[in-house]
Amino acid sequence: MMEMKEKKFLTVAPFECAWRKDLKFREAGRGCVAFEAFAHNDVTLVFRENVGSQHYHYKRDNSPHYTIILGSHRNKRLKIEVDGKPVVDVAGVGLCSSSAFQSYWISIYDGLISIGKGRYPFQNLVFQWLDSNPNCSVQYVGLSSWDKHVGYRNVNVLPLRHNHISLWKHVDCGELEVEEGAEEYLKNEFTDYEKWDLANFLESWELSDFVFIVGTEERPVPAHKAILEASGNFPLSSSEDVAHLQDVNYPVLHALLRYIYTGRTQIPESQLGSLRALGLHFEVVPLVKQCEETMERFKLNKKLFDSGKNVELSYPSTRPHCCATFPSGLPVNIQKLKQLHLTGQFSDASIYIEGQGLVAQPHKIILSLWSFPFAKMFTNGMNETMSSEVSLRDVSPEAFKAMLEFMYSGELDMEVIMDSSALLLQLLFLADQFGVTLLHQECCKTLLECLSEDSVGPILQVVSSIPSCKLIEETCKRKFAMHFDYCTTASLDFVLLDETTFTDIIQHPDLTVTSEEKVLNAILMWGLRAKEFYGWEVVDDLIINSAPGHLFGERLPSVHHMLGFVRFPLLLCALLKKLEKSSISRHILNFDNLVKEAINYVEFGLAGLENDQNARFQHRRSSYKELQYICDGDSYGVLYFAGTSYGKHQWVNPVLSKRITITASSPPSRYTDPKILASRTYQGTSFAGPRMEDGHRCAWWAVDIGQDHQLMCNYYTLRQDGSRAYMRSWNLQGSLDGKTWTNLRIHENDQTVCKPGQFASWPIVGPNALLPFRFFRVLLTSPTTDASNPWNFSICFLELYGYFH
């Protein structure tokens with residue numbers, strides 16, 4: 001039973017679901033819900049196309065839907081289900097609170113599901129997942145539970161159509177205090193913008209460059225050449241700005257223009273024939289077709305006719321679940337629009353960029369219907385109102401041209417965008433600057449889809465200065481923190497990050513490192529704006545001859561602050577002793593105090609620090625376990641560790657205990673036995689047979705270390721079986737999904753293995769050794785020395801080493 005209490009407090013009983021018709025996205029597949037919840041576990045939200053019943057439960061739902069469960073498994077995990085099937089199950093994220101109401105927000109944008117905590121959407125992101133096969137029909141939000149009551153309040157469904165700041169004013173502010181008049185300011189600032197589209201220019205003299213003179217009364221009706229040219233065949237020319245329509249009534253022309261500018265219109269049935277005739281005259285084909293279909297229905301069924309009512313006509317949008325957007329949601333020929341953009345026909349604006357000269361000659365109406373800032377520029381009496389020239393500074397000409405192409409087509413040119421990540425970032429910056437919100441959303445979505453360890457640094461440099469990119473900024477910070485070793489080793493981009501951004505990364509709860517020494521080195525390199533990679537030892541040498549203030553400049557206070565986030569007590573005592581005797585310790589008092597504190601902790605334990613809950617004395621939640629190569633056939637690798645249930649029990653073959661999975665390029669057989677590679681016994685004959693992949697012959701053995709595990713591999717060992725089919729060229733590869741592979745080490749004409757039963761081991765070096773992977777495989781890339789079966793990959797043992805998580 002559900003109970004509504006004061007202050008919008010809704011209690012959902014176990015195994016029930018609350019549905020309200022107002023809890024609905026404005027645009028199917030795109031929206032955000034912000035709410036507060038009070039529960040011991042399983043705060044559950046369901047997103048589906050239609051409203052469910054009170055006794056609906058997501059476990060019995062056979063229709064397409066998303067289910068998001070905060071605090072699943074007795075408040076230990078976050079789960080996301082698609083059509084009842086789990087796709088995300090992670091520990092320690094998005095948990096509930098049973099002591100007070102907790103604020104959350106969940107957004108869905110074309111399958112991109114983002115979850116955050118706090119009062120304001122797109123801040124404090126805690127998790128994100130992208131559905132590769134998105135359900136773009138979900139609209140209604142259900143508030144559900146599992147085996148305990150869940151309390152909800154201040155539930156608000158917000159649109160995702162415009163800048164994120166325009167969402168904030170929709171959220172119930174509760175006890176939040178604001179300055180007097182601030183709410184009214186926001187309302188006035190954004191109300192017009194939220195409704196801004198081509199309909200604003202219907203029969204408006206603003207930016208008009210064409211006039212119809214209608215009827216015997218010669219009524220002037222303004223219009224815009226670019227819109228008319230893309231919608232039909234109107235009598236337009238560069239020299240002629242007027243068309244006389246003496247035989248046309250104003251209501252008929254108004255209905256035609258309204259159809260063009262809004263995608264819908266209405267007219268009395270008695271004038272439907274006149275509207276068809278006018279549409280036919282100007283070749284507005286979609287309107288003519290709809291008039292004819294409507295007239296035909298009237299002929300077949302007279303009961304449909306009611307002379308007292310208007311006939312309503314709507315353009316069939318290519319995206320029926322979405323709001324009409326220019327140009328796809330309107331009866332506009334996109335190819336004609338593109339041609340107008342290409343030729344500059346009827347252009348009334350010339351765009352000049354400082355240092356580049358004239359870069360484009362677009363149409364003010366196109367710029368204005370996409371961009372509220374441009375509309376204001378052209379209509380509020382500024383120089384651009386009277387002149388056709390627009391001068392811009394600090395704008396990338398390539399990005400501006402890409403933005404114009406989007407305005408005229410409604411789509412991003414992905415081939416151009418994907419060739420240059422810098423262009424995508426510049427385009428995002430322009431979209432934010434000029435308020436082209438749909439372009440802004442598409443850029444954000446593309447950035448998130450393409451986000452990688454290599455791109456996260458440059459992206460952060462740009463988005464940290466854009467307030468409406470909080471979602472991307474938080475995602476990038478988390479990505480950087482989770483791949484900290486790689487991001488501070490593969491590139492020096494991180495030294496260009498601002499203090500706030502880098503400090504947030506250093507403090508991030510998901511910071512994942514192999515050693516606190518890496519954190520120390522990164523802070524020192526950032527402070528020095530390093531132009532090459534080095535560790536603290538180099539800084540130690542530099543500081544002998546140069547004072548810290550000279551070395552670090554204005555970043556010295558920031559370095560002092562960041563050093564407090566290095567967990568020195570987790571370093572080895574021998575390293576701490578070196579740091580204590582270093583020049584850094586002698587010249588930077590804060591550093592010296594932190595090192596001495598750590599030595600005291602390591603040597604004497606928690607004496608005197610029993611009440612100190614400082615994070616410096618705690619292991620990171622997401623730290624890696626180092627599994628170090630000692631010798632061939634040792635018991636320190638990942639496969640052996642998995643066989644001991646990760647250090648809990650006596651060793652059992654991990655393939656048999658299903659801790660890991662090993663597969664081969666050929667089907668299992670007597671001599672292709674996956675468990676052999678993880679065993680501790682020698683096998684005389686063990687091989688993976690050949691297969692064809694992408695038109696090439698190959699053979700491979702692959703290891704899946706498990707859904708919840710990853711390894712940064714820095715060493716591996718193989719053992720030849722009893723045959724003389726010695727491999728010469730092969731690759732060790734890693735993958736996150738088992739489909740896309742990254743080369744970790746390439747062997748070409750490697751003659752290390754030259755005896756039956758021989759062990760051989762190799763290190764993995766370079767930035768890729770700092771990338772975590774779940775899947776690994778050794779891939780034979782050329783024939784072995786066996787002439788009879790040259791593509792049999794004959795090994796009987798495999799072991800991996802590195803940092804295991």
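## The largest pocket

The largest pocket has a volume of about 2,400 Å³, counted as the space filled by probe spheres set on grid points joined across faces, edges and corners. A pocket here is an open set of points on a 1 Å grid over the protein atoms alone, where a 1.4 Å probe fits, with protein on both sides within 12 Å along at least five of seven lines; lining residues have an atom within 4 Å of a point. This is a predicted model, where local features need pLDDT of at least 70, side-chain atom pairs count only at pLDDT 80 or more, and totals for chains, interfaces and linings use all residues. Residues are numbered from 1 along each chain as its sequence is written, and side-chain values use heavy atoms, with hydrogens and water left out.

The lining runs to 49 residues, with Phe127, Arg478, Met482, Gln710 and Leu736 nearest the pocket's centre. By class, there are 22 nonpolar, 14 polar and 13 charged residues (Ala, Val, Leu, Ile, Met, Phe, Trp, Tyr, Cys and Pro are nonpolar; Asp, Glu, Lys and Arg charged; the others, Gly among them, polar).

## A three-strand sheet

Now for an open sheet with mixed pairing, ordered β20-β19-β21. Strands are DSSP runs of E, at least two residues, and helices runs of H or I, at least four, numbered from the N terminus; two strands pair if DSSP finds at least two bridges between them. β20 (357-360) and β21 (389-392) each have a single partner strand, so one side of each lacks a neighbour in the sheet.

β19 (residues 350-353) runs parallel to β21 over four bridges, and isoleucine 351 has valine 390 in β21 as its bridge partner.
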